[in-house]
Amino acid sequence: MELILPDTIMDRMRAGLERAESREIGGILMARQIIPGCFEIVDFSVDELTGERAHFVRDPVFHNAFLDQFFEKTGHDYENYNYIGEWHSHPRLPILPSLTDLESMEDLVNGERNIPFAVLLVVRSDTPAEFVATATFHQRGTRPVPVRIRTQN
């Protein structure tokens, strides 16, 4: 599994992380499939208000409105543009997913919703020049596996 993070996406995330300072922020990730197993992030939602120092749970109402706007913008082209997963920050903490993060993703793909797979992206940008990220792939009935992240200008 490979995830492509264009510079424009990283720059937007970095700006949100800077505004949030030491609070966790996050949202949902939207992508287009390049080839099977390779997805390019094309947009994301961000909730900069509800996060705390070491905890983030996204507000479904806010993100549902984002989904509606995204699908309208992409002409409801679900074959090419769709939900790929979740993201959030770990300011001044390791960017490895926590046990709570992993359990949340397992709940997501194993029954909470009818989603066969999802990616969890955890990011950090403690200085304007820094942007580090890690991702895990979660699929129904399997253990999470690391995702290769490739940046793109």
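A: Begin with burial: a residue is buried under 20% relative accessible area, exposed over 50% and partly exposed in between, using a 1.4 Å probe and protein chains only. Phe39, with a relative accessible area of 9%, is therefore buried. This is a predicted model, in which local features need pLDDT of at least 70 and side-chain atom pairs count only at pLDDT 80 or more, while totals for chains, interfaces and linings use all residues. Residues are numbered from 1 along each chain as its sequence is written, and side-chain values use heavy atoms, with hydrogens and water left out.

Q: Which residue forms an aromatic pair with Phe39?

A: Rings of Phe, Tyr and Trp (its six-membered ring) pair if their centres lie within 6.5 Å; planes under 30 degrees apart are stacked, over 60 edge-to-face, and the rest tilted. The whole structure holds 7 aromatic pairs. Phe39 pairs with Phe117 in a tilted arrangement, 6.1 Å centre to centre with 45 degrees between the planes.

Q: Why does this pair tie together parts that are apart in sequence?

A: Helices (H or I, at least four residues) and strands (E, at least two) are DSSP runs numbered from the N terminus. Phe39 lies in strand E3 and Phe117 in strand E5, so the pair joins parts 78 residues apart in sequence. Phe117 is partly exposed, at 27% relative accessible area.

Q: What surrounds Phe44?

A: Contact means heavy atoms within 4.5 Å. Phe44 belongs to strand E3 (residues 38-44) and is buried at 3% relative accessible area. Beyond residues up to four places away in sequence, Phe44 touches Ile9, Arg12, Met13, Ile28, Leu29, Phe66 and Trp87. The C-alpha atoms of Phe44 and Leu29 are 4.5 Å apart, although 15 residues separate the two along the chain.

Q: How is Arg12 placed relative to the ring of Phe44, and at what distance from the ring centre?

A: A charge sits over a ring if NZ of Lys or CZ of Arg is within 6 Å of the ring centre and within 35 degrees of the ring normal. Arg12 lies over the face of Phe44, 4.2 Å from the ring centre.

Q: Which residues touch the most other members of the largest nonpolar core?

A: A nonpolar core is a set of buried Ala, Val, Leu, Ile, Met, Phe, Trp, Tyr and Cys residues joined through side-chain atoms within 4.5 Å. In the largest one, of 22 residues, they are Leu3, Met13, Leu29, Ile41, Trp87 and Leu121. Helix H1 gives the largest share of this core, 5 residues.
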